[in-house]
Amino acid sequence: GTNETILRIDGRSAISFSGELETQNTLGVTGQAKEAINSLASLPDTVEVTEGFDSQQQVEGFRSMLTAIVYSIIIVYLIMALTFRSLIHPFTILFSLPFALVGAALALYLTNSVLGISAMIGLMMLVGIVVTNGIVLMELVQQLRAKGSNVYDALVEAGRTRLRPIWMTALTAILALIPLAASNEAGAIIASELARAVMGGLLVSTALTLVVVPVVYSLTD
């Protein structure tokens, strides 16, 4: 039978196509579908091809998450600048952030997960966690420097003293996330992406914070 429903979007006549997706990478599928329709030679110029409401919301959600991550990095930087009373030292700590992103990306790639909104929330959480590790290390370096240690001795001493607490907190968080990362039930897929991103980011950034932050600090000092 014919469907008599007339669909209008912004006052213009429209046709809607929908489908059940077998993949988790919904943004990728939407992009491919739009390309496929646009490549049809017989489409008149007056026809506009757009993603549906759900896909549009996803794209917008993605953008706002990116903006939120950038804002969180700026806020964290400002707080550190005030705490350390320096504009350069916070940068040495922020240097460990790219490694967290690399770790998260690796974890998502290896587990065949996509960078969805939940993984982005994981990245936002990582900003806070990774920076905390750096602060724990740098704070002691600053104390030792104030007492008259030279840069090298202060870094070695701080690294030796803070290595265990930093690794213990990171490993505790990673172990606690394992059940979540391993779950494959439909409802837990979202949470598992988040857990995988955080685990990968934590593992790589913690390992490298203890190398990168001291090196960058000694270069900038």
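I79 lies in helix α2 (residues 53-84), where helices are DSSP runs of H or I with at least four residues, numbered from the N terminus. The model is predicted, with local features requiring pLDDT of at least 70 and side-chain atom pairs pLDDT 80 or more, while totals for chains, interfaces and linings use all residues. Residues are numbered from 1 along each chain as its sequence is written, and side-chain values use heavy atoms, without hydrogens or water.

Together with V70, Y71, I74, I75 and L78, I79 makes a nonpolar surface patch of about 590 Å².

## Packing of α4 with α5

Helix α4 (residues 97-110) and helix α5 (residues 117-146) have axes that come within 10 Å and cross at roughly 145°; axes are lines fitted to C-alpha atoms over the stretch in contact, with angles from 0 to 180 degrees between N-to-C directions. On the α4 side, L97, A100, L101, A104 and L108 make the contact, and on the α5 side A119, L123, L126, V127 and V130 (contact means heavy atoms within 4.5 Å). This contact has 10 nonpolar, no polar and no charged residues.

## Packing of α5 with α6

The axes of α5 and helix α6 (residues 151-182) come within 8 Å and cross at roughly 150°. Residues of α5 including N133, E139 and R145 meet residues of α6, among them E157, T161 and R162. By class, the contact has 10 nonpolar, 4 polar and 4 charged residues.

Definitions and conventions:
Helices (H or I, at least four residues) and strands (E, at least two) are DSSP runs, numbered from the N terminus. Ala, Val, Leu, Ile, Met, Phe, Trp, Tyr, Cys and Pro count as nonpolar, Asp, Glu, Lys and Arg as charged, and the others, Gly among them, as polar. Patches are made of residues with over 30% relative accessible area and no salt bridge: like charges are joined within 9 Å, nonpolar side chains (Val, Leu, Ile, Met, Phe, Trp, Tyr) within 5 Å. Accessible areas come from the Shrake-Rupley method with a 1.4 Å probe; for residues, only the protein chains shown count as cover. A salt bridge is a side-chain nitrogen of Lys or Arg within 4 Å of a carboxyl oxygen of Asp or Glu.
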